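Subject: Handover of a structure

Dear colleague,

Please find below the structure that I am passing on to you.

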Amino acid sequence: MRTDTAQPVRLSDYRAPDYLIEAVDLDIKLHLNATHVRARLSVRPNPLGRPGAPLVLDGDGLKAAMVLLDGVALDLGANALSPDRLTLSEPPRTAFELTIDTLVDPSANTQLMGLYRSGSAYCTQCEAEGFRRITYFLDRPDVLSVYTTRIEAEKAQAPVLLGNGNLVESGDITGSTRHYAIWHDPHPKPCYLFALVGGDLGSIHDRFTTTSGRNVELGIYVEHGKETRVAYAMDALKRCMRWDEEAFGREYDLDVFNIVAVSDFNMGAMENKGLNIFNDKYVLALPQTATDLDYAHIEGVIAHEYFHNWTGNRITCRDWFQLCLKEGLTVFRDQEFSSDQRSRPVKRIADVRTLRAAQFPEDSGPLAHNVRPETYLEINNFYTPTIYEKGAEVIRMLKALIGAEAFRKGMDLYFDRCDGMAATVEDFIACFAKVAGRDLTHFMRWYTQAGTPALSVSSDYDADAKTFTLTLAQSTAPTPGQPAKLPLVIPVALGLVGADGDLPLTTKAPDEDGGASAHECASGVFELTTASRRIVFHTVAERPAPSVLRGFSAPVKLDLDSNADDLLTLAERDSDLFNRWQAIQTLATRLLTTSVGAIRAGGLPKPDTRFAEALGGVLGAFASDPAFTAQAISLPTEADIAREIGRDVDLDAIHMARRELRRSVGAQLQPRLLSAYEALSNDAPYSPDARSAGARALRNAALDLICAGDARTGADIAMRQFQSAHNMTEQFGALAVLSMVAGDQREQALDAFYRTHASDPLVIDKWFALQALIPETETYERVRGLMEHHAFTYANPNRLRSLIGSFAANLTQFHAADGRGYDLIASVVMEIDSRNPQVAARLLGAFRTWRSMEAGRQAHAQLALKRVAATQGLSADVRDIVDRSLNLLTKERATDTLDSFRSRFSPRPAR
Ligand SMILES: [Zn+2]
């Protein structure tokens, strides 16, 4: 395990590798505790590197049995060969072959990085730096090699042997109980894309023919007995393969594409070339075990990993600082796929909810970092919402700025120009600058400046002149290490909504004060490139409601001076569905923040019947778009309100204000909610399609509000739904509503749910998660009790996230005023750190908003963090997060580390 002596890696220190490894021949003999790995590396000096430089290969806790240089054994002392490094101080000046034998213990690998056991199977995870736990290597993404992998195992234990690329040969080993398979991947790739699987697995198979006629064998491998649960994943795979051909002109490039689902996995899934390995949560689904949301996630994750074949694998990253190049872009691509398969506005609303819930708090707290970071201590900690979700938003803005046609041309040029390369963000952006004929230097600031910009918009209508003036202004608050911020290029999609809908946008020439270009008026996308801009619209016959940031055209915090009437107009008739939804959210957020103020001043919030009526209006139109209506009647979360308040946050007051608003809305709309609920009941067989899922989502959202308004009526209906449900969406939706009402009914339903699904780990994860999320003070004791439950384990990341991760997401209880929630999470982090540092560090990220809390909570959070910080022998992962959370900036710490360790450790090679 890398511990807290890790040293910072900096983008500015990047240097091309001194050596290249053109071919890798692996011979891997799988054994439970002593897997023998022989790696034959064809190495040659890199013409771009330093002639005669030492060759330094990375390792991580390795044991080398033997090292041969061109067939001759090397006698390497401890200086040249350690568990973390293999150094040849004077390697040959011409091409040579290095053969390295290592022994690894997959059964003892609890970090789930490198080669490990999940259930009864062998599998691997190499991104970001897991390959160095299998053999010594130049473990960096800009070293691309052609891999041939021979895998050997006990035939009874691992009848299925899978590798990257195409199967070349397989057979039994005569006179032995073992067998082997040889896989060859013709596409050069970095080692983080290496994978193998060996196990006794069930599978289903299908095939796909690409546009140019290549026949591809598709396989999905799962634990025996789960084969019936992969039909939807297979269907999603074929749909996304076709979509990538149509939307981006990208075809698949091997004869096989395999997916393996494993139950012990740190992340969601991994895009290894031709052999994707998945957390089984994102593969397995049956109507009785998976909710509509699970189905949507499966579709999205299958697509994401598949799309990486071009954005990530064929074109990879030069270094880990460019991680957003593959992740942000691929998230954008999977979002587009899901939008085309489902409802575009509903998908957009869901994605923006995720961005605001996960990325905005990161961007405004101690863990804020650029979409392209400039330094890191532990790269595992940079698989963040900023890299993924904000990275995707940056691509979306690029498309809005240059237009869909130029965007597609730019992508074509990127695929053409950078295929087979390890590229940078600059390489990528240069393609769009070229096709659009536009300087994108200013746009690059989105990659180099952290923090969420605030966009404030004020408006003025001149009835005599018939002009409507909008003044846009941007600013970004300081983030760690970046005290001063510069203006960004912000695409602001605008509309003016009048009594009969959208008004035409007319302005004067752009060189006149307040003018805009004809292109801006036609596209509705206006560019804010300076600190502020005034736009004057002419011949505006009536005072319009400004619809700003349509479709959420930029990842900013919008501060709009619209009054309640404007917002009600938008909620009713904005042609942009996203902004219709947003108007309702803004109205609710304003009511709630006012209520929180009243509660903290010792008063009570006043009910607002106008708001409930507006929601009722949306509900009235439910039949035309149930999925949208479900989103529209779901009020902002506690986290949304906490974020809006921003500082001195009191979560108990927020919870009370929200509960009160939901109570009054639910009570006022009860008859209409009940009739919508009844009208949406449906006995047709389950189908996961978007329309059916939308109807179920709205029915559950209506039930939730009914229960908020009248707990007894709501709980009775929920109990009936729970008992008669035909699918998991209905059953779990009802259970979620019941979980909010304390009493016997809740406990009975929870027990019944457990008994029904006890043998199904993915469903039991839901059972743990739901209980950990109950916003009551008793939840702390409930969670402590569940930690003793025989089905709970620290070893499985899904289970850990379901109970402990959900509790950390339970805002009122994790941030309990007495600090016990903080203590619980800190204790679990310390408990699991030595076993699985990646998961521990991720859990500790729950503290990212601690500085926005009121003083009492801040003090408790700081104490808990300091307790973690004082622990000896922390992993590099947790050390990095805890230091940054306490604002021990990387720079200060880095200097510190260098000074105290320089004498004892020779410096790491620059990367
Ligand atoms: Zn990805």
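Predicted model: local features only at pLDDT ≥ 70, side-chain atom pairs only at ≥ 80, totals over all residues.

Zinc site

The zinc ion is coordinated by NE2 of His304, NE2 of His308 and, through two OE entries, Glu327, at 2.0 to 2.8 Å. Along the chain these donors follow the spacing H-x3-H-x18-E. His308 belongs to the loop between α2 (292–307) and β22 (316–317), whereas Glu327 sits in helix α3 (residues 323–341), so the pair ties together parts that are 19 residues apart in sequence. The angles among the four donor atoms run from 52 to 152°, and the site is irregular. Tetrahedral geometry would require all angles to lie between 85 and 135 degrees.

Sheet and hairpin

An open sheet is formed by eight strands in the order β6-β5-β9-β3-β2-β12-β15-β14, with mixed pairing. Its edge strands, β6 (72–73) and β14 (166–172), each pair on one side only. β14 is joined to strand β15 (residues 178–189) in the antiparallel sense over six bridges; within this pairing, Asn166 has His184 of β15 as its bridge partner.

Strand β10 (residues 114–118) and strand β11 (residues 121–125) run antiparallel and are joined by five bridges. The two strands form a hairpin with two residues between them, and Gly119 in the turn has a positive phi of about 60°. Gly114 finds its bridge partner in Gln125 of β11. Five of the five residues of β10 are buried, so this strand is largely enclosed by the rest of the structure.

The largest nonpolar core holds 286 residues, of which Phe428, Phe443 and Tyr447 touch the most other members. Leaving aside residues up to four places away in sequence, Phe443 touches Val394, Met397, Leu398, Leu401, Ile429 and Val489.

Helix α18 (residues 711–724) has 14 residues, which at 1.5 Å a residue should span 20 Å; the C-alpha atoms at its ends are 20 Å apart, in agreement with that expectation. The buried residues of α18 are Gly714, Ala715, Ile717, Ala718, Met719, Gln721 and Phe722. They pack against α16 (670–679), α17 (690–709), α19 (728–739) and α20 (744–757).

Backbone points to inspect

- The peptide bond between Glu127 and Ala128 is cis, with omega about 0°. Ala128 lies in the loop between β11 and β12 (145–154).
- Thr539 is not a glycine, yet it has a positive phi of about 45°. This residue is placed in the loop between β30 (532–537) and β31 (545–548), and its relative accessibility of 63% means that Thr539 counts as exposed.
- Leu549, likewise not a glycine, has a positive phi of about 65°. Leu549 is found in the loop between β31 and β32 (557–560) and, at 2% relative accessibility, counts as buried.

With kind regards

Key: Residues numbered from 1 in each chain as written. Heavy atoms only, no water. Core = buried A, V, L, I, M, F, W, Y, C linked by side-chain atoms within 4.5 Å. Buried < 20%, exposed > 50% of the residue type's maximum accessible area, 1.4 Å probe, protein only. Contact = heavy atoms within 4.5 Å. Helix = DSSP H or I, 4+ residues; strand = E, 2+ residues; numbered from the N terminus. Expected span 1.5 Å × (residues − 1). Pairing = 2+ DSSP bridges. Donors = N, O, S within 2.8 Å, 3.2 Å for Na, K, Ca; no water. Tetrahedral: all angles 85-135°; square planar, octahedral: opposite > 155°, others 65-115°.
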